[in-house]
Amino acid sequence: MRISTKFIETGMRLARPIYGRNGETLLNRGTTLTTQYIMSLRRHGILTVNIDSGFEEDLSDALEDMVRCSVMKKVQHEIMVNKNRISIQNITNQVEMLIDEIISGKKVIGNLTEICSTDMYTYAHSVDVCTLSLMLGIRLNYKKDKLLQLGTGCLLHDLGKTKVLPEILNKPGVLDSAEFSEIKKHPLYGYKMLLDNNEDIDPESANIVLDHHEKYDGSGYPRGLKGQEISEMSVICAIADVYNAITTDRIYRRAMPPHEVYEMIMASGNMMFEQSVVEAFLKCIVPYNIGSIVRLSNGFVGRVCRLNPSLPLRPIIKLLDSREEIDLVQEKSIVITGLLQHEDIIKEGIDRALEKLGSFKFRQDFTAIW
């Protein structure tokens, strides 16, 4: 379960590792949190952590965070140290590592951006976008050479942000027109950086960097392309970029729940993104993770215990009070009305029901940790 560092307590155990400002491991998976560890996490700008609640799905076949973190550190080095002469071969090597992991059957559990310090956001985000895009490319039956083109463009899609002032990139409030105009230049900045300094960059990869903010209806930037004028690989990157960005906590806003983002993406076909790519992308993600605590329209609260692959918005729910299982595919009159966050669980006293099911102990007094 993902929890804001505002609410973590001593005794909780990490379900995923935490990485610092330079991609170094701060705390390993399985670490039991102490007061000192909690203070260190907040000091390093960690916004959320993943806590072992006892309900998470089996992670034995998960794509290791350490693999993605290794890729992240290599990308950071290329962009920050070699940005005037990025080694495309080094970037491609990282993409190939991710491809091999995904093809071998490794599943992606959560965003890398969730477990890194805010200073590493751009690089962790790039790896997340690349990983999601490769998953989609594999679903679309891309061959290895095309996957390498796709992954290289996605790893470098935000390269141009190195030319944008940090105070604009990380501004907590609404950007004014001049600031937004500057942000909108980053695809052109990145494209020009690649073409000026890297003769071996593949044109398809470079176009992903240039076009990942274009929209199907022509309202995107920087060129205002529409429909089939936008390459499929650029569309793939664009969807992955949007999905990862709005499911990740930032200093200036909280992440949106995955099920809400899932529905937003589902409704974006032939408006923001090409419909066929949207449909393929939705098969790569899930709206509700195993272990999520949800409220149902009949007033009961339960946890997601299994998924229905054909109808992912209607999983199987185990009620917390009776432990009865409800298959929402069969119970058509019942719907999920909300996903409960950690603070909601404490505030409503649901923690007592969870403790009976064997999850971690929640603090009873919500106001004490607010």
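## Aromatic pairs

Phenylalanine 180 is partly exposed, at 38% relative accessibility. That class lies between buried (under 20% relative accessible area) and exposed (over 50%), using a 1.4 Å probe and protein chains only. The model is predicted: local features need pLDDT of at least 70, side-chain atom pairs count only at pLDDT 80 or more, and totals for chains, interfaces and linings use all residues. Residues are numbered from 1 along each chain as its sequence is written, and side-chain values use heavy atoms, with hydrogens and water left out.

A search of the whole structure finds 2 aromatic pairs. Phenylalanine 180 and tyrosine 221 form one of them, edge-to-face, with 6.4 Å centre to centre and 80 degrees between the planes. Phenylalanine 180 lies in helix α7 (residues 177-183) and tyrosine 221 in the loop between α9 and α10, so the pair ties together parts 41 residues apart in sequence. Tyrosine 221 counts as buried, at 14% relative accessibility. Tyrosine 243 and phenylalanine 281 also pair edge-to-face, at 5.6 Å between centres and 70 degrees between planes. This pair links distant parts of the chain, with tyrosine 243 in helix α10 and phenylalanine 281 in helix α12, 38 residues apart. Both partners are buried: tyrosine 243 at 8% and phenylalanine 281 at 1% relative accessibility.

Rings of Phe, Tyr and Trp (its six-membered ring) pair if their centres lie within 6.5 Å; planes under 30 degrees apart are stacked, over 60 edge-to-face, and the rest tilted. Helices (H or I, at least four residues) and strands (E, at least two) are DSSP runs, numbered from the N terminus.

## A charge over a ring

The charged end of lysine 146 sits over the ring of tyrosine 142, 4.3 Å from its centre. The criterion is NZ of Lys or CZ of Arg within 6 Å of the ring centre and within 35 degrees of the ring normal.

Most residues other than glycine have a negative phi, and most peptide bonds are trans. Tyrosine 221 and proline 222 are joined by a cis peptide bond, with omega about 10 degrees. Proline 222 sits in the loop between α9 (203-211) and α10 (232-246).

Asparagine 270 is not a glycine, yet its phi is positive, about 60 degrees. This residue is in the loop between α11 (258-266) and α12 (275-282). Arginine 323 is partly exposed, at 45% relative accessibility.

## The sheet

Five strands form an open sheet in the order β8-β7-β6-β5-β9, with antiparallel pairing. β8 and β9 (336-339) stand at the edges with a single partner strand each, so one side of each lacks a neighbour in the sheet. The twist averages 40 degrees from one strand to the next. Two strands pair if DSSP finds at least two bridges between them. Axes are lines fitted to C-alpha atoms, for helices over the stretch in contact, and angles run from 0 to 180 degrees between N-to-C directions.

β5 (residues 293-296) pairs with β9 in the antiparallel sense over 3 bridges. Leucine 296 has isoleucine 336 as its bridge partner in β9, and arginine 295 stands opposite glycine 338 there. β5 also pairs with β6 (residues 301-306), antiparallel, over 3 bridges. On that side, arginine 295 stands opposite valine 301. The hairpin of β5 and β6 has 4 residues between the strands, and in it glycine 299 takes a positive phi near 95 degrees.
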